[in-house]
Amino acid sequence: MTVMDSQGSGEPARPGHQAQGADLAAQIVLVARGDAAAFDAVFDRISAHVFGIVRRVIRDPAQSEEVTQEVLLEVWRNASTFDAGRGSVMAWVSMLAHRRAVDRVRSVQKETERERRIATSEIPFDEVAEAVESGLERERVRRCLGTLTELQRESVTLAYYGGYTYGQVASLLSVPQGTVKTRMRDALIRLRDCLGVAE
Amino acid sequence: MKLSGITIGRNAAHEPHTLAGAYVMDAIAPSDRAHFERHLDRCDECAREVDGLREATARLAAASATSPPAGLKERVMAAAAQTRQQPPKAAAADSRTAMASGWLRGISVLTWPNRLALAGGAFAVALIALLVTFGVNNGSMQQQLDDDVTSSQQIAAVLTAKDAHMTTRQVLGGGTVDVVVSGSKDALVFTAKGLRPLSAARGYELWLVGPAGARPVEMLPPLSDSMITPVIVSGLRPGDHLVLTAEPVGGSAHPDQPMMLNLTL
C-alpha cells in the first residue's frame, strides 16, 4: 500500500484485516484460558477502539473511561463466549462497547433528560480527536458514509454515534419509524459492501 | 402473537427482518431487542445478515478510535487479575445449537430460559431423555426402545455437532419444517409442525435428491397434533437437496409433484 497516512504519523501501512483478525482471534482464545500476557496484547489492540466508540457515544470523559474499563474487563471475563464463527473480534468487541455505552447513556437519560440535542447537521462523523487508527481507515469509512443517501447517513450516525433509538431518530428527523428502520438496514448493507467487510 | 413455536403474528413475522440495522446499532428498546433475538434464533439467514452488519459497525467504531487515558491499562490489568473468568459453554450448550432443537419449543416443561440454562452434557442428556420419552409416546408399538435410543443418540449427535446449523422453511400447502444439518456427520435432523393433514391413503415422504437422482429416505410417521417428531436422515452426499412430497402410504419410487419443500443442503 502506498497511500500515505493522512495523520502523517509515519505508521506503517496496516496489514490486511483478515490476517490481523485471525491473529487477534487466536489471542482471544488464549485470554479465555486466563493468559494475562495475551490479554495484555489484546488490550493494546482493542483499547483505542473501545475508548473511541464509548467516548463518541457518551461524550463525558470520566464516564467514558469508566465504561471503557468495564468493557475491557468484560472481554477478559467473557473471552470464552467469543465465537469466531460469528464474526471478527473487532465486531464482538464493538458490540460489547457500543451496547454498554448506549446503556449508560440511556440510564443517565432517564434521570436527566439529555441536554444535548444534536442537530443532524452537526453530526461530526469525521471529527475525531487523538485518533490512533490509521487515517486511511477513517478516510475509507468517511468515503463509504458519503455514498449513503442523506437520510441513511443521518440515521446511522444518530443511531450509532449518537446512541439514539430508531424511534428517537425518527422524531429527530421527522420521518416515520418504519422508514428509519429500513434506512438503517439499507445503510449498513451498503456500508458493509462498500467497506468490503469479509463475511 | 404466540411466544412458543414458529408462529408469531403476521406483521411481527414480517417486521423483525427490517430491524436488523437498528438491532446491530443498539437503536432498539430492550423489548424489541429480545423479540428480534427470538427471531434470529429461528432465521439463519437473518443471523448471518446480522453478523455481516456487525462487521460494518465495527468499522464505524474503528473510525472513532482514540487512545485511552494513561493509567487505564494498569487499572484494567489489575482488575482482570482479580476477576474470575466465565467458564466456556460446552459445545452442546452453544446457543444456536440449543435453539436448533426446534421441536423442544413446543414442549412446555422446558421454557426458553430453562433451555438456555441447561449446560453442556446436561443438555444432551436431557435432550436424549426427552426424545426417548417423545419417541415412546409417539412411536409405533413394535418399535423397540433400543431403536429409539439409538435414533435419539444420532439425533443428539447431529444437534450437538460443532457445525450444526438450523434452517427453517415454509412448506407448500402449509406448515413449517426445521432442519438441522451437520456436514461433519453427513446427517440432518428433520422435524415439522403445522403440516396439512393428508387423506388416510397418503403420507408425507422425505427424499434426498442429488446429482445422481432421487433417493427415498422414509415415509414420515403420521402427524401427531400436526407435528412430525424428529427424524434423522443420514448418508447426505454433496449437492443433495431435501425434498418433501405427499405419496401413497406404501411409498413411491419417485417423488410426486409438487415438491412441498425443496431445500438445498
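Predicted model: local features only at pLDDT ≥ 70, side-chain atom pairs only at ≥ 80, totals over all residues.
**View 1. Chain A is built from helices.**
Chain A contains eight helices and zero strands. Read from the N terminus, its elements follow the order α-α-α-α-α-α-α-α. Of the 199 residues in chain A, 42% are buried.

**View 2. The largest nonpolar core is seen around A:Val54.**
This core has 71 residues, and A:Val54, A:Ala159 and A:Met184 are those with the most contacts inside it. Helix H2 of chain A gives the most to the core, with 11 residues. Which residues does A:Val54 touch, not counting those up to four places away in sequence? They are A:Ser64, A:Val67, A:Thr68, A:Val71, A:Ala97 and A:Ala101. A second, separate core has 30 residues, including B:Val177, B:Val189, B:Leu208 and B:Val243.

**View 3. Chain A meets chain B.**
Here 62 residues of chain A are in contact with 43 residues of chain B. Several helices of chain A each supply at least two residues of the side that touches chain B, among them H2 (36–58), H3 (61–77), H4 (89–111) and H5 (135–146). Helices H6 (150–161), H7 (166–173) and H8 (177–194) of chain A also each supply at least two residues. Helix H2 of chain A gives the most to this side, with 12 residues. By residue type, the side of chain A that touches chain B divides into 32 nonpolar, 15 polar and 15 charged residues. For the complex, the predictor gives an ipTM of 0.81 and a pTM of 0.56.

**View 4. One open sheet of chain B contains strands E1, E2, E3 and E6.**
The four strands lie in the order E1-E2-E3-E6, and their pairing is antiparallel. Which strands stand at the edges? They are E1 (165–170) and E6 (227–234) of chain B, each of which pairs on one side only. From one strand to the next, the twist averages 15 degrees. Strand E3 (residues 187–193) of chain B is joined to E6 of chain B by six bridges, and the two run antiparallel. Across this pair, B:Ala187 stands opposite B:Ser234 in E6 of chain B.

**View 5. Another open sheet of chain B contains strands E5, E4, E7 and E8.**
Four strands form this sheet in the order E5-E4-E7-E8, with antiparallel pairing. Strands E5 (213–219) and E8 (261–264) of chain B are at the edges; each has a single partner strand, so one side of each is left without a neighbour in the sheet. The twist averages 30 degrees from one strand to the next. Strand E4 (residues 202–210) and strand E7 (residues 241–248) of chain B pair in the antiparallel sense over eight bridges. One of the residues concerned is B:Arg202, whose bridge partner in E7 of chain B is B:Pro248.

Chain B has a mean pLDDT of 74, and 71% of its residues reach 70 or more. Among its elements, helix H2 (residues 20–24) has the highest mean pLDDT, 96, whereas helix H7 (residues 112–117) has the lowest, 40. The pLDDT is below 50 over residues 92–124 of chain B, a stretch with 54 contacts in the model beyond near neighbours in sequence. Residues 132–144 of chain B also have a pLDDT below 50; this stretch has 14 contacts in the model beyond near neighbours in sequence.

Key
Residues numbered from 1 in each chain as written. Chains lettered and ligands numbered in written order. Pairing = 2+ DSSP bridges. Axes fitted to C-alpha atoms, helices over the stretch in contact; angles between N-to-C directions. Contact = placed C-beta atoms within 7 Å. Nonpolar A, V, L, I, M, F, W, Y, C, P; charged D, E, K, R; others polar. pLDDT = per-residue confidence, 0-100. Buried ≥ 20, exposed ≤ 12 C-beta atoms within 10 Å, placed from the backbone. Core = buried A, V, L, I, M, F, W, Y, C linked by C-beta atoms within 7 Å.
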